[in-house]
Amino acid sequence: MPRPTAAQLVYGSATVICTTLALLLLSGTESGIGVGIAAVTALALGLLVAVRLPQPRQTAPGREAHPHHTVPASAARTHPALDGLDARERVPAARSSLQANRQHSLRR
């Protein structure tokens, strides 16, 4: 079982504390059973919040997680003007041509 992340611990703990305070203030209970029910409900909700947070992506051993995605060559060759460019040059070229088209259409 993977270890919880810092975000899971923070969000889960904050949920437990806020839910407990809200339930105790809204219910106005003073009995031990009422406080116990509020605490158990808050713990269950905090656990649910912590478990539902997205997990960081796992990478294969020996590979680093890369924050930028590259465009596959097959996807970038949709425009004839982009032929002959390597993958790193395609995306900025495609964006600049889209911007030029937008500016041209605005001038009309």
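A residue counts as exposed when its relative accessible area is over 50% and as buried when that area is under 20%. The views below show a predicted model.

View 1. L25 sits in helix α1. Its relative accessible area is 71%, so L25 is exposed. Together with I17 and L21, L25 forms a nonpolar patch on the surface. The accessible area of I17, L21 and L25 together is about 350 Å².

**View 2. T19, a buried residue of helix α1.** T19 belongs to helix α1, which runs over residues 6–27. With a relative accessible area of 14%, T19 falls under the 20% limit and is therefore buried. When neighbours within four places in sequence are left aside, the contacts of T19 are A42 and L45. Of these two partners, A42 is listed among the buried residues of α2.

**View 3. Helix α2 along its length.** Helix α2 covers residues 32–52 and has 21 residues. The expected span takes 1.5 Å times one less than the number of residues.

**View 4. The buried face of helix α2.** Five positions are to be located here: G34, A38, A42, G46 and A50 are the buried residues of α2. Seen down the helix axis, the buried residues of α2 fall within an arc of 130°, and therefore they line one face of the helix. These buried residues pack against α1.

**View 5. The exposed side of helix α2.** On the other side of α2, the exposed residues are G32, I33, I37, V40, L43, L47, V51 and R52.

**View 6. The whole chain, for orientation.** The secondary structure consists of 4 helices and 0 strands, and the pattern read along the sequence is α-α-α-α. The chain has 108 residues, of which 11% count as buried. Its accessible surface comes to about 9,300 Å², and carbon and sulfur atoms account for 62% of that surface. Among contacts between residues at least 6 apart in sequence, 47% join residues at least 24 apart.

Conventions. Residues are numbered from 1 along each chain as its sequence is written. This is a predicted model: local features need pLDDT of at least 70, side-chain atom pairs count only at pLDDT 80 or more; totals for chains, interfaces and linings use all residues. Side-chain values use heavy atoms; hydrogens and water are left out. Helices (H or I, at least four residues) and strands (E, at least two) are DSSP runs, numbered from the N terminus. Buried means under 20% relative accessible area, exposed over 50%, partly exposed in between (1.4 Å probe, protein chains only). Contact means heavy atoms within 4.5 Å. Accessible areas come from the Shrake-Rupley method with a 1.4 Å probe; for residues, only the protein chains shown count as cover. The arc is that of the directions from the helix axis to the C-beta atoms. Patches are made of residues with over 30% relative accessible area and no salt bridge: like charges are joined within 9 Å, nonpolar side chains (Val, Leu, Ile, Met, Phe, Trp, Tyr) within 5 Å. A salt bridge is a side-chain nitrogen of Lys or Arg within 4 Å of a carboxyl oxygen of Asp or Glu.
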